[in-house]
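Hello,

Here is the structure we spoke about. My notes on it follow below.

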Amino acid sequence: MAKDRLICKQCANTDMNKMNFTEGGKYLYCNVCHSKTPLYDAFVVYKEDVTDRVEGIITMAQHMMDSGDYEHAIKKFKNALELAQDSHAAWWGIFVCERAFAAYYGFEDQYGNSGPIVKANILIDLIQQYANPAIEYAGPDIAALYQEAIADDLQFIANVANGTTQPPKKKRFLDRFF
Ligand SMILES: [Zn+2]
């Protein structure tokens, strides 16, 4: 089982009930001291069977992600997956980067169409391809945080499916991502 831990670098809080991912899953937000930690500092241990090399690649990719270099970050995360296909941090990193790309382009599809239905379809795709493996491979505590981080997206998808295309009323919905 995964031995992953998350830590707040400001106050050393490791209670995963007192933290969540913020800004589209790019940072760890600490509910004790109300500070945020980039993921490259937040993950203190990965899995016992993951080599230092994989961990190094993921840390490098998280640095790239943090600086907004999503394209190179995705390549690095994919390198990590070639070595350790069950690295939830790599799957999550790809999800965060791909979602940031999609948001940057206004959730347009390849034909330039946009709108709630297109956005919902793009989100379904990204969640299925990248967020779900992250949730599947993470230990239960971190999986819960991933679930929470995509909750607004899942709500949006459900609203579109129900014909109520309003985003969730929480103002947080937009703040979280941009
Ligand atoms: Zn803290």
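A word on terms before the helix pairs: a helix axis here is a line fitted to C-alpha atoms over the stretch in contact, and angles between axes run from 0 to 180 degrees between N-to-C directions. Please keep in mind that this is a predicted model.

First pair: H3 and H4. Helix H3 covers residues 70-83 and helix H4 covers residues 88-104; their axes come within 9 Å and cross at roughly 155°. Angles over 145 degrees count as roughly antiparallel, and H3 and H4 are therefore roughly antiparallel to each other. Their crossing is left-handed. On the H3 side the contact is made by Tyr70, Ala73, Ile74, Phe77, Ala80 and Leu81, and on the H4 side by Ala90, Gly93, Ile94, Cys97, Glu98, Ala100 and Phe101. Sorted by class, this contact has 11 nonpolar residues, 1 polar and 1 charged.

The axes of helix H5 (residues 116-137) and helix H6 (residues 140-149) come within 7 Å, with a crossing angle of roughly 155°. That makes this pair roughly antiparallel too. H5 contributes Ala131, Ala134 and Ile135 to the contact, while H6 contributes Ala143, Tyr146 and Gln147. Of these residues, 5 are nonpolar, 1 is polar and none is charged.

As for the whole protein, the secondary structure comes to 8 helices and 5 strands. Along the sequence they follow the pattern β-β-β-β-α-β-α-α-α-α-α-α-α. Of the 178 residues, 35% count as buried. Among contacts between residues at least 6 apart in sequence, 53% join residues at least 24 apart.

Regards

Definitions and conventions. Residues are numbered from 1 along each chain as its sequence is written. This is a predicted model: local features need pLDDT of at least 70, side-chain atom pairs count only at pLDDT 80 or more; totals for chains, interfaces and linings use all residues. Helices (H or I, at least four residues) and strands (E, at least two) are DSSP runs, numbered from the N terminus. Angles under 35 degrees count as roughly parallel, over 145 as roughly antiparallel, 65 to 115 as roughly perpendicular and the rest as oblique. A crossing is left-handed if the near helix is turned anticlockwise from the far one by less than a right angle, and right-handed if clockwise. Two residues are in contact if their C-beta atoms, placed from the backbone, lie within 7 Å. Ala, Val, Leu, Ile, Met, Phe, Trp, Tyr, Cys and Pro count as nonpolar, Asp, Glu, Lys and Arg as charged, and the others, Gly among them, as polar. A residue is buried if 20 or more other C-beta atoms lie within 10 Å of its own, exposed if 12 or fewer, and partly exposed in between; C-beta atoms are placed from the backbone.
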